[in-house]
Amino acid sequence: MSEYNFAYLDEQTKRMIRRAILKGLAIPGYQVPFASREMPMPYGWGTGGVQVSAAVLTPEDRFKVIDQGADDTTNAVSIRTFFERTAGVETTTKTTDATVIQTRHRIPEEALTEGQVLVYQVPIPEPLRFLEPRESETRKMHALEEYGLMHVKLYEDISRHGHIATSYAYPVKVEGRYVMDPSPIPKFDNPKLGEMAAIQLFGAGREQRIHALPPYTQVVSLDFEDHPFEATKADHPCGMCGALDSYLDEVITDDAGGRMFVCSDTDYCEGRQAAGFVGEMNHQRAFSVQPLLETEA
Amino acid sequence: MYVAVKGGERAIENAHAWLAEERRGDTNVPDLSVVQIREQLTLAVNRVMAEGSLYDPDLAALAIKQSRGDLIEAIFLIRAYRTTLPRFGASLPVDTGAMSCDRRISATFKDLPGGQVLGPTFDYTHRLLDFKLAAEGDVPAAPTREAELGEVPHVTDFLNREGLIEEAPRQDTPPPDLTREPLEMPAERALRLQALTRSDEGFTLGLAYSTQRGYARNHAFVGELRIGTVPVEMDIPELGFAVEIGEVTLTECETVNQFMGSKSEPPQFTRGYGLVFGQTERKAISMALVDRALRWEELGEENVGAPAQDAEFVLYHADNIQATGFLEHIKLPHYVDFQSELELVRKLRREAGADQVQEAAE
Amino acid sequence: MQAETLSGGFADPATQSAHAFRSVMEAMARPGTIHDISGAAPPAPLSNAAGAVLLTLCDTETPVYLAGEMDCAAVRAWLAFHTGAPVTGPSQCMFAVGTWSALVPLSPYAIGTAEYPDRSATLIVEHPALTASGVTLKGPGIKTSASLSLPDVQAFHDNHTLFPLGLDFILTSGDRLAALPRSTEVQ
């Protein structure tokens with residue numbers, strides 16, 4: 001696609017995004033407004049993440065895209081193809097080989113390292129939005145560090161349900177200052193946000209915001225002394241690789257109540273299977289040496 | 001037996017191929033040309049140009065063809081193309097007083113300088129299906145007469161001469177541009193007008209209608225509605241003067257709204273304004289009504305809590321490309337978040353069930 | 001027009017600015033770390049590193065303050081030709097470039113507002129030698145602690161106390177750079 005610039009965006013747009021990224025890194029957790037452009041994919045489908053990736057990528061990068069933890073979900077495929085075409089970057093599905101990873105809704109299971117950049121697609125960057133729909137009001141609340149409303153909401157959950165009833169996009173406080181939305185990752189992933197060795201960048205295209213976490217930043221999930229934060233997952237091992245420590249998808253296997261649990265991080269699961277780990281429901285592995293069949297989505 | 005789903009790439013390619021086939025339809029029927037769309041579906045082309053914020057009838061027609069007539073999809077194609085275009089500069093403000101009008105009507109005066117010109121309007125057509133069109137007959141030529149030369153003055157200028165309508169002083173500060181800077185609240189009127197001229201016709205119509213039905217009613221009269229072409233001029237620094245680079249068709253609507261007054265100021269009518277690319281009069285009138293409703297604060301009116309008065313609500317939800325993208329994204333997989341909700345609900349139900357059992361035992 | 005005005009920019013802007021940005025981003029994300037940056041050959045007294053930062057981040061939308069000896073015909077012409085950035089005073093600038101002694105005092109620069117702390121200046125400080133020694137740095141981006149040769153201590157310490165407002169610094173020397181965002185605690 002030679003009619004477009006490297007990584008699609010024009011240089012002036014990239015400079016504007018790069019300036020926003022730097023301010024985001026300098027003020028961890030603060031949402032920097034940026035003049036998000038109209039991208040050739042719909043708002044809500046990763047335009048913020050795509051713009052951040054476009055501003056960050058170099059031709060030498062190895063790029064990985066995941067959606068729900070998987071490299072093969074259709075929108076991940078679509079975004080990966082977009083950058084293969086417009087930036088000519090090498091792509092990979094291996095977390096450890098990637099230098100830039102764009103993600104929707106998950107943090108890879110494998111600990112990320114220095115030199116890696118994790119780019120999140122963010123639908124609604126404002127953690128207070130569902131409590132106060134007005135941008136002018138929430139901006140003031142951040143300025144005044146006025147987060148009482150959030151605590152009230154979480155506490156109301158406890159009085160109604162006995163637990164904090166937020167299971168994804170679970171709000172965090174960054175370096176004791178800004179309350180931040182980590183994008184709709186399951187709260188299981190929240191502990192990975194803090195003290196991560198990689199740079200984390202969050203792009204919200206439609207809402208025109210970028211926020212960032214430098215490596216080794218203190219990130220605390222909001223909670224109460226008597227109701228401490230708990231990172232939860234389905235209480236099962238992975239049916240394919242037997243992992244006990246990974247976040248699981250529930251798969252319905254028949255119409256008689258049959259189901260199984262599988263790693264949502266496909267690279268992690270495949271890596272474990274290749275290393276010889278076998279889950280209880282991995283009959284292919286157990287009974288044959290054939291590789292996984294390819295089926296149409 | 002569970003097998004991890006693969007092959008997303010091929011599925012996408014196949015879907016695109018099928019889409020292309022469906023777009024073309026029955027190949028025994030001649031292919032629709034872009035020129036035919038441009039010439040015969042003009043109002044669709046105009047809407048795509050207006051909400052796509054790009055004045056190019058050929059590209060708009062191409063977008064309509066490519067999108068199978070889904071106008072929001074066509075607007076999206078135009079917007080995505082528009083962002084990649086380099087900016088050579090800004091034109092001078094167009095002078096709608098110098099418009100050569102195809103249509104010009106006023107609802108406030110029976111007759112006025114420049115006259116009432118109905119132009120090519122559906123207004124008084126009887127909405128009866130014209131089965132002759134199905135037979136592709138020729139259209140008889142419409143009668144013509146010499147165009148009246150000279151400028152057609154704005155109706156609001158007549159009122160202004162008497163001091164009957166609020167002043168709209170000339171403003172030479174460059175307006176903000178929401179396609180280059182993030183939208184920020186409170187938004188000044190110029191920014192609101194930019195957002196409204198690009199806004200979804202249906203959303204704007206609904207809001208305007210709501211003001212007529214009492215949600216921040218502002219008693220609008222169409223002081224004037226005009227449709228026609230205006231020259232576009234640009235300053236060329238190397239030449240030291242402005243040159244005409246082309247012309248655009250615009251629809252302009254100025255409403256004359258309920259009067260205001262106080263002890264210190266005598267009563268005056270107020271204004272609402274709509275200006276939209278192409279012949280797009282439903283949109284231009286809607287825009288003027290919503291513009292007027294959004295001006296409650298500067299005019300010292302009461303905020304009655306109507307949706308059309310709420311600039312944040314209107315501006316953040318008027319763009320159909322933002323709206324449709326976010327709305328449709330819920331089609332994307334959400335099984336990770338859903339799984340976390342599932343676990344939570346199961347846990348809460350388990351605990352609630354345990355409590356109930358305990359209560360029953362007591 | 002002087003030949004040096006036309007030369008010394010990015011020959012391949014898309015990829016060279018991408019590489020330069022990654023150096024700047026790594027530096028800003030990991031305060032105290034020193035990174036190579038290349039691609040620019042600006043006229044003196046601008047260092048190659050400072051020149052590359054300007055090419056990567058500045059354009060017609062970013063007013064630049066040229067402090068002290070930076071404000072010379074050669075630098076002005078080079079900046080105008082390659083970036084189009086308007087030259088302005090310290091209180092209006094988004095970026096400032098100069099030696100530490102030319103850039104101080106820090107009081108005129110924008111430090112952002114409570115609602116928009118990002119609307120603050122970034123100072124590109126030309127520094128004779130960057131070494132990972134000297135004052136101790138702590139904060140986001142730093143695992144335990146880092147060290148960096150800084151031209152001052154008190155000023156950076158005071159800047160940090162303004163957080164989340166404050167200035168961000170990029171320190172340049174020859175072909176290398178480091179950064180010191182407002183979030184870094186300077187001991």
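Me: How many salt bridges does the rule find across the interface of domain 1 of chain B and domain 2 of chain B?

Reply: A salt bridge here is a side-chain nitrogen of Lys or Arg within 4 Å of a carboxyl oxygen of Asp or Glu. The rule finds 2 across this interface. In one of the salt bridges, Arg79(B) pairs with Asp319(B), with the closest N and O atoms 3.0 Å apart. Bear in mind that this is a predicted model, where local features need pLDDT of at least 70, side-chain atom pairs need 80 or more, and totals for chains, interfaces and linings use all residues. Side-chain values use heavy atoms, without hydrogens and water, residues count from 1 along each chain as its sequence is written, and chains are lettered from A and ligands numbered from 1 in written order.

Me: Where do the two domains lie in chain B?

Reply: Domain bounds come from an automatic or database domain assignment. Domain 1 covers 9-82, and domain 2 covers 96-120 + 151-167 + 176-324. Their centres, taken over C-alpha atoms, are 29 Å apart.

Me: What area is buried between domain 1 of chain B and domain 2 of chain B?

Reply: Interface size is often given as the accessible area lost when the parts come together. Buried area is just that loss (1.4 Å probe), summed over both parts. Here it's about 1300 Å², with carbon and sulfur atoms giving 58%. On the domain 1 side, Glu51(B), Tyr55(B) and Arg79(B) lose the most area, together 41% of what that side buries.

Me: How many residues of each domain are in contact?

Reply: Contact means heavy atoms within 4.5 Å. By that rule, 14 residues of domain 1 touch 19 of domain 2.

Terms used:
Buried area = accessible area lost by both parts, 1.4 Å probe.
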